[in-house]
Amino acid sequence: MHTTAHRRRLLSTVTALALLTTACQAEPAADPPRWAGPGAAPLTPADASVAPTAASPKASPVDCPDPRPAPRSASSLDPTAASYLGRDGDDVATAVDVSDSCELVVGGRFTGLTGGTTTTLGRGGAGAVVRLDGAGRRVLGVTRLAGTVEDLEVRRDGGDIAVATDRGVWLLDARAGAARWQRGKGVSRVAVGAAGTVAALSGTTVTVYDLKGATLATIRPQGRTVSDVAVDDRSGLVFVSGFRQVQSGPCVPVQIAYVHAYDRRGTFRWRAYDHPADRLGDLCADGRADRVAMGRDGKLYLAGETAGGNSIFARSAADPTRPAPNVVIDKFTQPFNTSNAHYTYLARLDPASGRHLAGQVVISRIDSKGDKGNTIKPYAITADESGRVYAGGVSAYQIADRSRITLGGRRLAPYAGGDAWVLVLSADLRRRTSWVVFTDGGSGAVRGVAASSGVAAVVAKVDKGPFHRTRAVQSDVGGGYLAAWPGLP
């Protein structure tokens, strides 16, 4: 990406936090696998030796934006661009990441979207990987794939793009101009490690591939719904998240969140949450671990969802009898007066051992009903190099200071049903840098979030316009949406 405001700077790597989830469904119960909790010893060098050695972060300079100071208020944000994507109501932006050259890489289903070089792989179709400059103002290229792009992630050492589609998983080169390989059938989530290990989720099966597309392992957590995957080639681990449905114990029925870690051969290494039903006590609110992601700081992030205040997320991921290391800011981070409202939980874990490092509740409230807790769901999470946490999803009325939110200096229209929100937290989780929505009289949900090297972005599904727009590549309403803004120093 090239602008007059850019200067040469070195890329660095630090860490970030993540957790986000969606609604609850029943799943058959199963005997839990053997216990190897977060308190277990970290992997030994011999354990980790099955993974390729991840190269150190590149020290070569690239053209990236100058970082800017944090906004004066968490309720204000000044996007460099905000735009609809696609012309059809069925269009959707599902994922976004930042390349090592500070380009935005967006995935989804987009009709009528053009710009830059158009590439068609296979039979092509409405599914697309779209590359834009880091400000989000110019489309650099559109790569057409059959089906819909459900998810994508950029390899952090090399720039290859792992893409999940309802027709299979692809590994594309850094410019999305050619396929290195394509495997399988329908895939809903995908992750790629720095050394090129790819994990792809299809139903409840996770398949692990090496950089050349050879199958390394097949992982099937028995009796569990699987919602997401992440890869850390430094520790040699693949992470799987979701929940299991329990029909025994003091809470009947209840959904219990889990995060499992496996090596690249598919051998089980550790678990977080996934407590035995008879250890829950009165923690009977359903819980799910819907999103996991490796932050740019090298930590593992989780975004979860729970239905009510008596949640396992109030307790340590290793031991339900110990309190969680949760950080409280105000009433929007405390699970009181919740009834059965579905709210978000974010957590930071040590990827090597699963140790619970920090967490925070995120809840919306109805001020006209005595601050009654209301539903807010997460669909995306990440962290930048400094460990700031970025999360997004959909919120019912209303997040903190909703009536005061300004984008680009302009006050947004009031809540109109389903706010597409993004939250940015300081690395210690004690301060909100930003908590804003992009719905400007419309409704929808943030589906992806990315932050790296002075670039931050979200993508969303537009259920009803309008959304906020500025310097848009497409001003008329479509089913997809992208907003970008400068990252923080």
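1. Let's start with the lining of the largest cavity. Strand β34 gives the most to this lining, with 5 residues. The strand runs over residues 443-452, and β34 is joined by β5 (92-98), β10 (149-154), β14 (189-192), β18 (224-232), β22 (287-294) and β28 (376-383), each of which supplies at least two lining residues. Keep in mind throughout that this is a predicted model.

2. How big is that cavity? The volume of the largest cavity comes to about 350 Å³. Its lining has 29 residues, and the closest to the centre are Leu 152, Arg 189, Ala 293, Ile 381 and Val 449. As for how many there are, the count gives 1 cavity of 30 Å³ or more.

3. What kinds of residues make up the lining of the largest cavity, by class? There are 17 nonpolar residues, along with 9 charged and 3 polar ones.

4. Now zoom out to the whole chain. How many helices and strands does the chain have? The answer is 1 helix and 36 strands. Of the 489 residues, 61% count as buried. Contacts also reach along the sequence: take those between residues at least 6 apart, and 66% of them join residues at least 24 apart.

5. Asp 232 deserves a look. Asp 232 sits in strand β18. Which side chain of opposite charge is nearest to Asp 232? That would be Arg 234, at 5.4 Å. A salt bridge here needs a side-chain nitrogen within 4 Å of a carboxyl oxygen, so Asp 232 is buried and has no salt bridge. Leaving out residues up to four places away in sequence, Asp 232 touches Leu 237, Phe 239, Met 294 and Pro 351.

6. Next, the loop between β19 (237-246) and β20 (254-263), where you'll find Ser 248. Is Ser 248 buried or partly exposed? Its relative accessible area is 43%, so Ser 248 counts as partly exposed. Ser 248 is also 29 residues from Ala 277 in sequence, yet the two C-alpha atoms are 6.7 Å apart in space. Pro 253 belongs to the loop between β19 and β20 as well. The peptide bond joining Val 252 and Pro 253 is cis, with omega about -15 degrees.

7. There is another cis bond to find. Going from Gly 465 to Pro 466, the peptide bond is cis and omega is near 5 degrees. Pro 466 is in the loop between β35 (455-464) and β36 (480-486).

8. Finally, two residues with a positive phi. Tyr 273 is not a glycine, but its phi is positive, about 60 degrees. Where is Tyr 273? Tyr 273 is in strand β21, which covers residues 268-273. With a relative accessible area of 0%, Tyr 273 is buried. Asn 337 has a positive phi too, near 50 degrees, and is likewise a residue other than glycine. Asn 337 is found in the loop between β23 (300-307) and β24 (342-349). Its relative accessible area is 39%, so Asn 337 is partly exposed. These two get a mention because most residues other than glycine have a negative phi.

Methods:
Residues are numbered from 1 along each chain as its sequence is written. This is a predicted model: local features need pLDDT of at least 70, side-chain atom pairs count only at pLDDT 80 or more; totals for chains, interfaces and linings use all residues. Side-chain values use heavy atoms; hydrogens and water are left out. On a 1 Å grid over the protein atoms alone, a cavity is a set of points where a 1.4 Å probe fits but cannot get out, and a pocket is an open set with protein on both sides within 12 Å along at least five of seven lines; lining residues have an atom within 4 Å of a point. Grid points are joined across faces, edges and corners, and a volume is the space filled by probe spheres set on the points. Helices (H or I, at least four residues) and strands (E, at least two) are DSSP runs, numbered from the N terminus. Ala, Val, Leu, Ile, Met, Phe, Trp, Tyr, Cys and Pro count as nonpolar, Asp, Glu, Lys and Arg as charged, and the others, Gly among them, as polar. Buried means under 20% relative accessible area, exposed over 50%, partly exposed in between (1.4 Å probe, protein chains only). Lys and Arg count as positive and Asp and Glu as negative; His and the chain ends are not counted. Contact means heavy atoms within 4.5 Å.
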